[in-house]
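Subject: Structure handover

Hello,

Here is the structure we talked about. Please open it first, then read my notes below.

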Amino acid sequence: MSSVRVTYSGLISLILGLSTVVTGMLFVVIITRNLSPDELGTWSLIGGLVTYVIIIEPMISYWTTREIARDTESGKTAVLSSGIFSIIGFLIFLLIAFFVSKPTGTNIDILYFSAIMIPFSFVNRTLSSISLGWKPHVNSYGVIIFDIVKIPAALFFIIFLDLGLTGVILSVTIAYIPSIIVLTILNREKLQTNFNKVFLKSWLKRAWLPSYIKFPNVVVFDVLIFSLITGSVVGLAYWVSAFAIGSIVGHSSQITKAVYPKLLSGGSNKFYEVNFLRLLYFAFLFTAISISFARPGLFILNPIYDVAVLVVIFLSLRTFIQMLGSSFTNALQGIEKVDLKESSVKDYLKSKLFYLPTIRLIRRAVYLSSLTITLIILLQFNTSQLDLVIAWSVIVFIVEIPFTVYLFYLVKRNLSLSLDKNTILKYLLVSIIVFTGIHLMMEEFLEYDSKLINFFFNLIPFFILGTSLYFGLTYLIDHKTRKLFKGVLLEINNRIKSKK
């Protein structure tokens with residue numbers, strides 16, 4: 001399975017990922033401008049509660065990706081099993097909703113209704129895990145279909161029918177359907193074999209490991225902690241809006257999409273160095289865009305949230321650090337071979353598949369403790385919801401740093417990673433210089449027009465100028481960037497010729 005093309009799949013995923021930035025932001029604009037802060041906070045809470053249920057799904061998809069990457073045909077068994085497990089997830093979600101509705105002051109009926117998303121989410125994730133194992137870029141096709149369909153659905157249910165939060169839930173649920181259809185068609189080659197209970201038994205026997213991997217996300221669910229301690233979901237509205245801007249940085253990780261299956265299939269470790277450098281190239285760009293366009297971005301979502309600029313800055317930096325940590329984790333898990341043989345529980349406990357989630361669990365425990373203590377202390381001083389959210393963003397950023405540094409150490413030791421410091425410094429300096437200038441220009445010349453379409457067209461020239469300068473300057477001063485651009489043009493040219 002070494003035929004996985006890291007650069008090709010990575011660039012396709014990145015391009016499609018950039019498309020989802022636009023479609024995703026359109027959806028966020030629709031909901032932030034049509035939901036009240038309470039409704040937006042409740043939507044954030046719903047999204048978080050889904051995390052509790054999703055812990056079941058990786059029992060299947062975690063092993064499916066590793067098996068598909070190694071030419072084991074377990075795809076159909078995975079999809080059918082996921083459908084069965086989704087029923088369990090649905091019931092668990094209803095139970096959780098019952099217990100959290102009163103302490104958080106949310107409407108229990110809307111929480112119950114949101115459970116309809118669970119089965120679709122399960123199947124979609126499982127199909128995505130199959131894609132990741134053999135054609136990583138196919139994953140992005142499903143994502144972009146999902147994001148595109150959400151927009152007309154949201155316009156109909158939220159704006160035309162004025163269904164509010166109910167309309168958001170319906171929009172997301174309906175958007176899953178074409179995404180599932182597309183992923184099923186594109187993965188049909190891996191869905192040919194019949195259901196095999198041997199696979200299911202194997203997954204259930206080892207279900208404790210993917211459950212352990214997801215467990216840290218459950219025990220430290222920060223959105224629920226914030227709403228329970230503060231007794232309100234209003235602060236979550238600031239968090240959702242700021243996160244929508246700060247999370248843009250994470251799209252640059254699409255360039256690494258094929259690293260995990262490539263390593264699983266026996267690819268050389270050396271290609272990881274090249275891919276990691278390309279990750280930094282786009283990550284510096286996206287981080288600079290997210291930070292410099294923080295206020296305009298929040299203004300687009302809803303002017304009442306543009307006071308959360310500091311939250312965007314810290315979330316952008318946190319996403320950058322977290323993305324590097326995820327890259328290191330995927331690489332280390334990709335070179336682990338313990339599941340290639342009949343291994344005991346003791347063997348798995350000694351493997352990276354267990355050790356890396358343990359690091360994440362410790363990191364999350366530190367984060368949970370820090371957030372809880374900080375919120376309790378600040379509430380004694382009648383701190384505003386905005387200031388609480390700012391403190392939250394600072395904590396989530398700071399806690400991420402030491403653990404990512406440790407993961408970097410592990411990667412250097414296990415993959416003999418060698419970084420081109422001069423090239424990295426070029427990318428960093430160009431991003432800082434270019435987008436500092438763009439920020440200063442926007443402060444001086446950008447007009448914040450109350451009409452969204454007018455403001456959007458006022459903003460576009462600054463975005464085009466910033467990205468053009470970044471690509472142009474890095475192309476001029478760095479030969480590796482020129483090599484990347486030439487490789488992209490060559491691939492496009494070959495594709496055009498092959499279709500003639």
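In helix H15, Ala294, Pro296, Gly297, Leu298, Phe299, Ile300 and Leu301 are buried. That makes seven of the eight residues of H15, so the helix is largely enclosed by the rest of the structure. Keep in mind that this is a predicted model.

**H15 and H21**

H15 covers residues 294-301, and H21 covers residues 452-477. Their axes come within 10 Å. They cross at roughly 160 degrees. Angles over 145 degrees count as roughly antiparallel, and H15 and H21 are therefore roughly antiparallel to each other. The crossing is left-handed.

Which residues of H15 and H21 meet? From H15 come Pro296, Phe299 and Ile300. From H21 come Leu452, Phe455 and Leu459. By class, this contact of H15 with H21 has six nonpolar residues, no polar ones and no charged ones.

**H11 and H19**

The next pair is H11 (residues 222-230) and H19 (residues 385-415). Their axes come within 12 Å and cross at roughly 145 degrees. Here the crossing is right-handed.

On the H11 side, the contact involves Asp222, Val223, Phe226 and Thr230. On the H19 side, it involves Gln385, Leu388, Val389 and Trp392. The residues of this contact of H11 with H19 divide into five nonpolar, two polar and one charged.

**H20**

Several residues of H20 are buried: Thr423, Ile424, Tyr427, Val430, Ser431, Val434, Phe435, Ile438 and Met442. As background, an α-helix has 3.6 residues a turn, so residues three or four places apart point the same way. Look at the buried positions in H20 with that in mind, including Tyr427, Val430 and Val434.

**Aspartate 162**

Aspartate 162 sits between helix H7 (138-160) and helix H8 (165-186). Is aspartate 162 buried or exposed? Its relative accessible area is 61%. The cut-off for exposed is over 50%, so aspartate 162 is exposed.

Aspartate 162 and leucine 35 are 127 residues apart in sequence. In space, they are 9.9 Å apart, C-alpha to C-alpha.

Best wishes

Key: Residues are numbered from 1 along each chain as its sequence is written. This is a predicted model: local features need pLDDT of at least 70, side-chain atom pairs count only at pLDDT 80 or more; totals for chains, interfaces and linings use all residues. Side-chain values use heavy atoms; hydrogens and water are left out. Buried means under 20% relative accessible area, exposed over 50%, partly exposed in between (1.4 Å probe, protein chains only). Helices (H or I, at least four residues) and strands (E, at least two) are DSSP runs, numbered from the N terminus. Axes are lines fitted to C-alpha atoms, for helices over the stretch in contact, and angles run from 0 to 180 degrees between N-to-C directions. Angles under 35 degrees count as roughly parallel, over 145 as roughly antiparallel, 65 to 115 as roughly perpendicular and the rest as oblique. A crossing is left-handed if the near helix is turned anticlockwise from the far one by less than a right angle, and right-handed if clockwise. Contact means heavy atoms within 4.5 Å. Ala, Val, Leu, Ile, Met, Phe, Trp, Tyr, Cys and Pro count as nonpolar, Asp, Glu, Lys and Arg as charged, and the others, Gly among them, as polar.
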